[in-house]
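I opened this notebook to record what I looked up in one structure. The entries are brief and follow the order in which I made them.

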Amino acid sequence: MSNTNRIFLSPPYTGEAERAAVAAAFDSGYVAPCGPQTDEFERRLAELSGRRYAVAVSSGTAAIDLLMDEFGIDSSWTVIAPTLTFIATVGPAWHRGAKLAFVDSDATGGIDVSLLGEALGKTPGKKLVISVDLYGNCADYDAITALCRRHGAVYISDSAEAVGAKYGGRPAGSAGAAAVYSFNGNKIITTSGGGAILTDSRAIAERARKRSQQSREKRIWYEHREVGYNYRLSNILAAIGLAQLDRLPEILKIRAKTAEWYAKRLPVPLPAGGNRWLSVAFLDSRRARDTLLKRFAEANIEARPFWKPLHLQPVFAGAASFGTEVAESMFERGICLPSGTGMTQDDFGRIERCLGEREG
Ligand SMILES: *Cc1c(COP(=O)(O)O)cnc(C)c1O
């Protein structure tokens, strides 16, 4: 099908401001992994997340990988994550040989806190918990923090989808030893590709920054006491990120309106504080969901099922799991709806026609 009149799930919302920011960064000569735009982007991300430090890196996955490196994750660790998430939440832990344990969702899609308690009690070795702010709704930070403290587990927040969201009065990404944002092309703001680590720990921030730049020591020659990575965010991309941050309040308003528009027509929950990155609906049955997916597909509109739970992924067949029912039901009945910031009246009209034709 042609892309000309395709409505995408969550395409980038960029324009003249981003183009001008890239041109300015380019003309300044900082066509490099570091520069004034990266520094400024980090300052603004720290402010947005309410944390002392931000380290801008090449992707959300790279940010998670640096944190796994920071805590020395290996086969002596169990990494506990919600089952209903994108594979990148646990990919870096898997690569390091950690045992994985998956936990079911609560009614809003976050990690179920009572099952998390059970997982912390029953899994072996050192433990790291990584919660997910699913579709831009913050996990129950306070309850998870308390549980991790009680069990001596490290806590990290995968807030990749939640830039601009709130947990009570606090920003998304304000929980745990560190949190992660993503600026991939489909996220609520983008640098085309990018991510960040947010933390209050100067030590974590400094080590992550150093390791993201090949762990060079401060010498005139290349001196290495450890082996790092090349994960730094390009200064050119940070320039796009700065222009996107300026737009974030407007983007949040538009996405909220879109979610409310859907909520009048479909069972779309509107949890407090969510950034409405994606509007998601829970239909009555798998059949009703599949029918709607088909209507969208026929109208050249992109919509998708939820993340397929990780405990159902063939690659993680051996992992422990604590509860599966809620996540599986969400996977069967859930639909991610077109949520792009730039959707026009015409686009909404086309979407509405698909909803009108819906059965059951
Ligand atoms: C997008 C996403 C990531 C990974 O971010 P990238 O920037 O694409 O590497 C990690 N976790 C979740 C929950 C995500 O949605």
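**Entry 1: the model.** I note that this is a predicted model, in which local features need pLDDT of at least 70, side-chain atom pairs count only at pLDDT 80 or more, and totals for chains, interfaces and linings use all residues. Residues are numbered from 1 along each chain as its sequence is written, and side-chain values use heavy atoms, with hydrogens and water left out.

I then looked for polar contacts (here, pairs of N or O atoms within 3.5 Å). Serine 182 places a polar side-chain atom 2.7 Å from a ligand oxygen atom. For glycine 60, a backbone N or O atom lies 2.7 Å from an oxygen atom of the ligand. Lysine 187 has a polar side-chain atom 3.2 Å from an oxygen atom of the ligand. The ligand taken alone exposes 380 Å², of which the protein buries 94%; these areas come from the Shrake-Rupley method with a 1.4 Å probe.

**Entry 2: the eight-stranded sheet.** Strands are DSSP runs (E, at least two residues), as are helices (H or I, at least four), numbered from the N terminus; two strands pair if DSSP finds at least two bridges between them. I found an open sheet of eight strands with mixed pairing, in the order S1-S9-S8-S5-S4-S2-S3-S12. Its edge strands, S1 (53–57) and S12 (320–322), each pair on one side only.

S8 (residues 178–182) and S9 (residues 195–199) run antiparallel and are joined by four bridges. Tyrosine 181 has alanine 196 in S9 as its bridge partner.

**Entry 3: the three-stranded sheet.** I found a second open sheet, antiparallel, in the order S10-S13-S11. Here the edge strands are S10 (279–282) and S11 (304–305), each pairing on one side only. Four bridges pair S10 with S13 (residues 334–337) in the antiparallel sense, and serine 279 stands opposite leucine 337 in S13.

Methods: Polar contact = N/O pair within 3.5 Å; in protein donor to acceptor, adjacent residues only side chain to side chain.
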